[in-house]
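Open the structure in your viewer and keep a selection tool at hand. The tour goes from stop to stop, saying what to select and what is there.

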Amino acid sequence: MHVTIIGAGLGGLTLARVLHVHGIPSVVYEAEESPTSRAQGGMLDIHDYNGQHAVKAAGLVDEFRALILEGRQAMRILGPDGTVLHEKADDGSEGRPEVMRAELRQMLLDSLPAGTVRWGHKVTSVEGREVTFADGSKVAPDLLVGADGAWSRVRRVLSDATPEYTGVAFVETYLHHADTRHPAAAKVVGGGSLMAPGQGKGIFAHRERGDTLHAYIDFTKPEEWFDTLDVTDPAQVAREFEDWAPELTALITETDTVPLLRKHYTLPAGHRWDRVPGVTLVGDAAHLMPPNGEGANLAMVDGAELAEALVAHPGDVEAALTEYEEAMFVRAAETGADSEELIESLFGENPPEKLLELLEQQ
């Protein structure tokens, strides 16, 4: 069986690794020129009920544990005035340990045979199972898997669905050497993560590796509203929080990087497709949804379960894809419903109280 995977993100690489564990070769085509050609984002909490199952299937438990940032499961929730409403220490349970996305991706890359990932292969079109790249080369595998993210080209073979703006976007900032250069912000974030939700907006942050604070300044605004805001000017962004505690707004005003706007997009709730021979999707290509702490976990478990289905149905790719997709559709729909509840608790009416209520139910 010739398996071609488009996209060297966490989902595609997990699929390639679990296939390799079971002796099934694959090739991963990635548009980026190298593993380091683009920043890979911040911290991820990898959950014991989905993402860690994929790590086990990949046979990389020890390697994964070596990446865990100790103490980062600590969490605190603050009101806009800086009042601590809830605080939870890292209990060391490893139920949701934090790792750096780039390091997790590199772990998967290092676990694959040399040459598995073909860098610098940008897809220009997909017709059936035939993929054409920007350099004019083509492949037509037995099995084509789209792991190519939100704007997947492979998805067009299966579905007419396109991502739509969710009404939520965040402005991303970084504060380096935080304990010495940004002590007020470092103190308010603490040792793990900070959540300061407000109606229609919020300030969120993680303490990452190397004494770095990574902040997400969220807004629930129409897409065109951002045309009126120069997000590269920290002072303009901070004015939207002029009545908030200064130790919170320091995560905006003291940024060591130019603020970057990231809009959230989603596929329709319950997105699914009819079976098309030899083609399927994993991760955001299949079920893009707003950030909810589950995206990376879902992508990895998609990759692992697809590989395991192929192993369980030797010689019958369609049976494997049917089994995988039916389970994936259910999992994605359930997670999407939870995501809507989380967004309402963060940015709806009385957000701190609603968020606390949601946490009590878990």
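Predicted model: local features only at pLDDT ≥ 70, side-chain atom pairs only at ≥ 80, totals over all residues.

Residues are numbered from 1 along each chain as its sequence is written, and side-chain values use heavy atoms, with hydrogens and water left out.

**Stop 1: the cores**

Select I5, I6, F64, L104, V131 and L306. These residues have the most contacts inside the largest nonpolar core, which has 60 residues. A nonpolar core here is a set of buried Ala, Val, Leu, Ile, Met, Phe, Trp, Tyr and Cys residues joined through side-chain atoms within 4.5 Å. Buried means under 20% relative accessible area, exposed means over 50%, and partly exposed lies in between (1.4 Å probe, protein chains only). Helix α11, residues 295-312, supplies the largest share of this core, 7 residues. Apart from this core lies another, of 31 residues, with L78, V171, I203 and W225 among them.

Helices (H or I, at least four residues) and strands (E, at least two) are DSSP runs, numbered from the N terminus.

**Stop 2: A309**

Next select A309, which sits in helix α11. Is A309 buried or exposed? A309 counts as buried because its relative accessibility is 1%. Leaving aside neighbours within four places in sequence, A309 is in contact (heavy atoms within 4.5 Å) with A320, E323 and Y324.

**Stop 3: an open sheet**

An open sheet of 3 strands is found here, in the order β8-β9-β10, with antiparallel pairing. Two strands pair if DSSP finds at least two bridges between them. The edge strands, pairing on one side only, are β8 (123-127) and β10 (138-139). Between β8 and β9 (residues 130-133) there are 4 bridges, and V123 has F133 in β9 as its bridge partner.

Within β9, pick out T132. T132 is buried, with a relative accessible area of 14%. Not counting residues up to four places away in sequence, T132 touches K122, V123, T124, S125, S137 and K138. On the same exclusion, V131 touches residues including I6, V126, V139 and L144.

**Stop 4: two hairpins**

Move to β13 (residues 193-198) and β14, which pair in the antiparallel sense over 6 bridges. G198 stands opposite K201 in β14. This hairpin has 2 residues between the strands, and G200 takes a positive phi near 80 degrees.

How many of the residues of β14 are buried? The count is 7 of the 8, so β14 is largely enclosed by the rest of the structure.

Continue to β15, which pairs with β14 in the antiparallel sense over 8 bridges. R207 stands opposite L213 in β15. The hairpin of β14 and β15 has 3 residues between the strands, and G210 has a positive phi near 75 degrees.

**Stop 5**

Select D211, in the loop between β14 (201-208) and β15 (212-220). D211 is a residue other than glycine with a positive phi, near 60 degrees. At 22% relative accessibility, D211 counts as partly exposed.

Finish at H177, in the loop between β12 (164-175) and α6 (178-181). H177 is not a glycine, yet its phi is positive, about 50 degrees. H177 is partly exposed, with a relative accessible area of 48%.
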